[in-house]
Amino acid sequence: TIMSNIIKNIEDSKSLTLKSQIDYKENSVEQLILAKNQGVTMILFAFDKGKEISTHTAPGDAFVTCLEGNGKIILNGMEHNLKEGDYILMPAKEPHSVYALDKFKMLLTIVM
């Protein structure tokens with residue numbers, strides 16, 4: 001079953017790995033919304049090698065967890081390389097971009 005209207009696209013009462021919930025697609029950045037309401041947004045991303053999300057800002061604090069591969073976050077002009085298990089917190093309204101050094105999966109959680 002799928003839980004309430006806040007949690008989407010993921011089964012409840014079942015132990016799963018997050019990175020198995022989204023697949024890579026050639027030459028693409030895939031995304032799967034897991035939760036969204038006024039207070040929190042959770043999105044899984046799968047980046048093909050070399051794909052990116054250009055510089056932007058988020059309305060809330062953005063917490064990125066690397067689930068697989070290697071990615072680069074540029075936050076306020078400073079580079080941060082993430083590998084599996086690493087995370088970074090990007091404060092609200094701070095400009096940042098994401099680049100896949102290799103195939104790269106991440107969980108983005110934005111807290112308002």
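Strands here are DSSP runs of E with at least two residues, numbered from the N terminus. Keep in mind that you're looking at a predicted model.

**Exercise 1. Find the strand that holds Tyr87, and decide whether Tyr87 is buried or exposed.**

Step 1: Look up the strand. Tyr87 sits in strand 6.

Step 2: Check the accessibility. Tyr87 has a relative accessible area of 55%, and the cut-off for exposed is over 50%, so Tyr87 is exposed.

Step 3: See what Tyr87 does out there. Together with Phe63 and Leu89, Tyr87 makes a nonpolar surface patch of about 320 Å².

**Exercise 2. Work out which strands pair with strand 7, and in which sense.**

Step 1: Start with strand 2. Strand 2 pairs with strand 7 in the antiparallel sense, over eight bridges. For an example pair, take Ala46, whose bridge partner in strand 7 is Lys105.

Step 2: Move on to strand 3, which covers residues 52–56. Strand 3 and strand 7 are antiparallel too, with three bridges.

Step 3: Finish with strand 4. The pairing between strand 4 and strand 7 is antiparallel and runs over 13 bridges. Leu75, for instance, has His96 of strand 7 as its bridge partner.

**Exercise 3. Describe the surroundings of Thr109: is Thr109 buried or exposed, and which residues does Thr109 touch?**

Step 1: Thr109 belongs to strand 7, residues 96–111.

Step 2: Judge the burial. Thr109 has 15% relative accessibility; buried means under 20%, so Thr109 counts as buried.

Step 3: List the neighbours. Leaving aside residues up to four places away in sequence, Thr109 touches Val40, Thr41, Met42, Asp61, Ala62 and Phe63.

**Exercise 4. Say which residues of the largest nonpolar core touch the most other members, and which element gives the largest share of this core.**

Step 1: In soluble globular proteins, nonpolar side chains tend to be buried together.

Step 2: The largest nonpolar core has 18 residues, and Val64, Ile73 and Met106 are the ones that touch the most other members.

Step 3: Two or more residues each come from strand 2 (40–47), strand 4 (61–75), strand 6 (87–90) and strand 7. Strand 7 gives the largest share, six residues.

Step 4: Look for another core. There's a second, separate one of eight residues, including Ile22, Leu34, Ala46 and Leu67.

Step 5: Zoom in on Val64. Not counting residues up to four places away in sequence, the contacts of Val64 include Ile73, Leu82, Tyr87, Met106 and Leu108.

**Exercise 5. Compare the backbone and exposure of Ser13 and Asn76.**

Step 1: Check phi. Ser13 isn't a glycine, yet its phi is positive, about 55°. Asn76, also a residue other than glycine, has a positive phi near 50°.

Step 2: Locate both. Ser13 lies in the segment before strand 1 (29–36), while Asn76 is in the loop between strand 4 and strand 5 (78–83).

Step 3: Compare accessibility. Ser13 has 80% relative accessibility, so Ser13 counts as exposed. Asn76 has a relative accessible area of 45% and is therefore partly exposed.

**Exercise 6. State how many salt bridges a search of the whole structure finds, then go through some of them.**

Step 1: Get the total. The search finds seven salt bridges.

Step 2: Lys14 is partly exposed at 48% relative accessible area, and Glu11 is partly exposed at 41%.

Step 3: Go on to Lys25 and Glu30. Their side chains meet in a salt bridge at 3.9 Å, N to O. Glu30 is partly exposed, with a relative accessible area of 21%.

Step 4: Now take Lys72 and Glu79. In this salt bridge the closest N and O atoms are 3.8 Å apart. Lys72 has 17% relative accessibility and so counts as buried, whereas Glu79, at 51%, counts as exposed.

Step 5: End with a network. Salt bridges link Lys19, Glu68, Glu84 and Lys105.

Notes
Residues numbered from 1 in each chain as written. Predicted model: local features only at pLDDT ≥ 70, side-chain atom pairs only at ≥ 80, totals over all residues. Heavy atoms only, no water. Helix = DSSP H or I, 4+ residues; strand = E, 2+ residues; numbered from the N terminus. Buried < 20%, exposed > 50% of the residue type's maximum accessible area, 1.4 Å probe, protein only. Contact = heavy atoms within 4.5 Å. Core = buried A, V, L, I, M, F, W, Y, C linked by side-chain atoms within 4.5 Å. Patch = residues over 30% accessible without salt bridge, like charges linked within 9 Å, V, L, I, M, F, W, Y side chains within 5 Å. Areas by Shrake-Rupley, 256 points an atom, 1.4 Å probe, with all protein chains shown as cover. Salt bridge = Lys/Arg side-chain N within 4 Å of Asp/Glu carboxyl O. Pairing = 2+ DSSP bridges.
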